[in-house]
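Let's take a walk through this structure together. Have the sequence and the 3D view ready, and follow along as we go.

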Amino acid sequence: MSQYTAFTEQDALAYVQEKSGLFTADEPLNCYEFGDGNLNMVFRISNHTGASVILKQALPYARCVGESWPLTLDRARIEAQALIAHSKVCPEHTVKVLDYNPDLALILLEDLGDMQILRGAQNQAKQFDLLGEHVADYLAKTAFYYSDFYLDAQEKKALVAQFINPELCQITEDLFFSDPYRKHERNNYPTQLQTLVSELWQDKALKAAVAQLKAKFLSCPQSLLHGDMHSGSIFVDAQQTKMIDPEFAFFGPIGFDLGSFIGNLLLNYCAQNGRIQNENERHTMQAHLLNTLHTTVSEFARQFTQLASQHTQDVNFQEPAYISAFIQSVIKDAVGYCATELIRRTIGLAHVADIDTIADESARLAVQQQTINLGRQLIKSADDIHDAQSLKAVLSSLLN
Ligand code: SR1
Ligand code: MG
């Protein structure tokens, strides 16, 4: 990494002009930095005809905290290689990598600028009818084709080694599972929530369930996960859905990605209680979010079952009863990870705009109480949930 230097807009423009092969040497280009994520710099470079690309650069620290939180540049490799791996099995829902430069921790990507980041769109109460089906398709294919159902054991172990991602995994281990369940300086919540948060810290059954989820996250390399499947990692429009940003990718429990995604749907569901004043409009948006959640889980299970029934290579894993039990356990895990997402986005370091941009303080506090309580109840209901139908039943009792 000796050549590494953090790019300015001018550097990004010059790099793309010289190296991408997409623009001529003398044409005028425009470049601006617009990254709003927690970790990286993201530049858009375009010419006067509107042709454009994205150049993403990892900084040697976490952008949202600053240089006091150093972070490996190897995450750019992980991200580029995970995108390439996921594109092999699901190109329709994975952003395209055009080039990767390890020395500068740069990834050149197709520009999806005509699409919108899901979180922003949902905060404007936009609905996407194909979202659940598309996310399920991506999750089922990426989970199946990088699992022991499909890969030969030697090949899988080599991939597990390739995607060892200890620093980024540690962020998740700390922010999802450790910090929110105890006093920690990284936690971030209003003092009005202290009573509720203290109750959560005393809840031994909850902490035991979270410990199990963390243990599985640490020691269960089921498949190559995206690793950060929140609504800010998904581009959408009416026809398409594309996943971006898998720098947290590693071999982990399949339910983690599914749980992160449905956790974000539920965060938005709760946030709409403080965002949309008109009752009909609010109910319409919330019904859409629950339908999307239901479609994602049921389609994921259907598609994974179909892939496993038709394409499993390992003789032991072809057994239908095993396939069915495996999927049930993935859904149970997903419910647990979904609950930890609800809790950590309310109490922990990294919040979501869905909630934080609710202008009215008491409305925002009510939403934060709802996400904490929902997470707490959901985690304890996970044992009763094994498919989309049982999840729907539990959610309708908890949300009404
Ligand atoms: C310091 S990173 C905080 C969060 O941003 C990422 O997108 C992950 O979700 C991480 O937990
Ligand atoms: Mg990200």
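This is a predicted model: local features need pLDDT of at least 70, side-chain atom pairs count only at pLDDT 80 or more; totals for chains, interfaces and linings use all residues.

Around ligand 1 you'll find N38, L39, C64, W69, L175, D228, H230, F248, R344, R345 and A350. Sort that shell by class and you get six nonpolar, two polar and three charged residues.

The side chain of N38 has an N or O atom 2.6 Å from an oxygen of ligand 1. With H230, the distance between a side-chain N or O atom and a ligand oxygen is 3.4 Å. How much of ligand 1 does the protein bury? On its own, ligand 1 would expose 320 Å², and the protein buries 96% of that.

Next, step away from the ligand and look at charge pairs. Side chains of opposite charge can pair when their charged atoms come close. In this model the count comes to 21 salt bridges. One of them joins D354 to R119, with the closest N and O atoms 2.9 Å apart. That pair links distant parts of the chain: D354 belongs to helix 12 (residues 353-356) and R119 to helix 3 (residues 118-123), and the two are 235 residues apart.

Technical notes: Residues are numbered from 1 along each chain as its sequence is written. Chains are lettered from A and ligands numbered from 1 in the order in which they are written. Side-chain values use heavy atoms; hydrogens and water are left out. A residue is near a molecule or strand if one of its heavy atoms lies within 4 Å of it. A polar contact is a pair of N or O atoms within 3.5 Å; within protein, one must be able to donate a hydrogen and the other to accept it, and residues adjacent in sequence count only if both atoms are side-chain atoms. Accessible areas come from the Shrake-Rupley method with a 1.4 Å probe; for residues, only the protein chains shown count as cover. Ala, Val, Leu, Ile, Met, Phe, Trp, Tyr, Cys and Pro count as nonpolar, Asp, Glu, Lys and Arg as charged, and the others, Gly among them, as polar. A salt bridge is a side-chain nitrogen of Lys or Arg within 4 Å of a carboxyl oxygen of Asp or Glu. Helices (H or I, at least four residues) and strands (E, at least two) are DSSP runs, numbered from the N terminus.
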